[in-house]
Amino acid sequence: MITFFAALALLLIGYLTYGKLMERILGPDERPTPAVSMADGVDYVEMPTWKVFLIQLLNIAGTGPIFGALMGAVFGPVVFLWIVFGNILGGAVHDFCTGMISVRMRGASISEIVGKYLGGGMKRVMRVFSVVLLTLVGAVFVTSPAALIARLTPDALNTAFWVAMILAYYLLATLLPIDKLIGRIYPVFGVVLILMVVLIGGGIILQGYPLPELTLANLHPAGRPVWPYLFITVACGAVSGFHATQSPMMARCLKKEKDGRRVFYGAMITEGVIALIWAAAGVAFYGGTSGLQTALSSLGQSGVVYDISTKLLGVAGGALAVVGVVACPITSGDTAFRSARLTLADWLRLDQSKIAKRLLLTIPLLAAGALLTQLDFDVVWRYFSWANQTLAMIALWAAAVYLRQNRGKYQSLTAAVPAVFMSAVTSTYILMADEGLRLARQIAYPAGVLFALACAGIFLLRCFLRPARADKE
């Protein structure tokens, strides 16, 4: 229990200290935000800060900090270290930087940000990469909530029915002005999500479940190595590239730059709390990592969430918890498709003020997402996880270049150091994973380290050792 509460305290301290340091480095000022200077009533819409925060939280949360944390908890309490320090030093920095850079680039999508700071070639790669990732996210966040809702409804309303209903909702959420649907229902779901997490955490503690204490030992029942699998499995809650696609959406709704830390850094810290509670709850509820792994294998991720929620909180509390878990993925899936539409619109320079032009991009995206729902969830999740962390790595390198050009050498290290780490993680994983090249550890480990060192060397040569060229923010 000491480890759990220490981890919670560190997340809060990280927001108050390292988050403040990042705010000082990024230097928010009084310049007009895109929501003010480019208001269009559709995507550029000024909204209250508390509402922007809740939308950002629900955008980035999804099932990631719940499903990913449960799967990551199988490795043991070492997952707490990744959630806490990965979040404070990596994920929250990633979200804060991409959000603020987007604000200063007129709400630009991540592909445009990467293009400006890493070059035209990377922009073209990122345009395709981010649209593919967002479509994968949308597909993942259709299947998982549909399966969970089907458990609570009559047999006639099966998973296929709820997949169709969720896709119909996604169509509306992608097309309508952001304040008309998303801006109205997200605050309600945000309160439900926060209440659900409090109930799960409180239930585990008050009912006397033994919370795991910190050990660096790998407790994975199948012996899967912590490096790099843990850092890919637990993305949302620690470091997640998907967030780089979502932050620009809220960059178009932020009233003033000085709200950036609360919205971007704060939402990521809050997601870390969600991941921490579910990781602890999974191990505690099933009596250890072996019990959790058995439950995940037999029930699936949705089944485990349903099992913990109903048995821990009873029917009423369990229903509320499940609603929170259902809301998480749906409210990330809709904004995934919306962000994909905006990315394509930026790419094609297609004005989105007319609904016909929004439909032109939305229909093909939803059709692709519907096809992906027919694939095995675990396969889609694994590819999503690697693509997600690769995007985070690229976004962090872009942020490092931005900070070097605008804030100074040593300030750029706040993004460059986690970028090096994620470079090693993503390259090692794709070299040794089943969905990658399946190379032996003896090859994948040093190759991953060499790739990370090469990235660091290029950054040092081009951005650190040479004089910085001024950037017009």
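**Salt bridges and a helix pair**

The count comes to 13 salt bridges, a salt bridge being a side-chain nitrogen of Lys or Arg within 4 Å of a carboxyl oxygen of Asp or Glu. The model is predicted, so to speak of local features takes pLDDT of at least 70 and side-chain atom pairs count only at pLDDT 80 or more, while totals for chains, interfaces and linings use all residues. Residues are numbered from 1 along each chain as its sequence is written, and side-chain values use heavy atoms, with hydrogens and water left out.

Side chains of opposite charge can pair when their charged atoms come close. Take R31 and D29: their closest N and O atoms sit 2.6 Å apart. R31 is partly exposed at 26% relative accessible area (buried is under 20%, exposed over 50%, partly exposed in between, with a 1.4 Å probe and protein chains only). D29 is partly exposed too, with 26%. These two belong to a salt-bridge network that also takes in R104 and E257.

R262 pairs with D259 at 2.5 Å between the closest N and O atoms; here R262 is partly exposed, at 45%, but D259 is buried, at 1%. In the salt bridge of R341 with D43, the closest N and O atoms are 3.1 Å apart. That pair ties together distant parts of the chain, 298 residues apart, and both partners are buried.

As for helices (DSSP runs of H or I, at least four residues), the crossing of α4 and α12 is right-handed (the near helix is turned clockwise from the far one by less than a right angle).

How values were computed:
Helix = DSSP H or I, 4+ residues; strand = E, 2+ residues; numbered from the N terminus.
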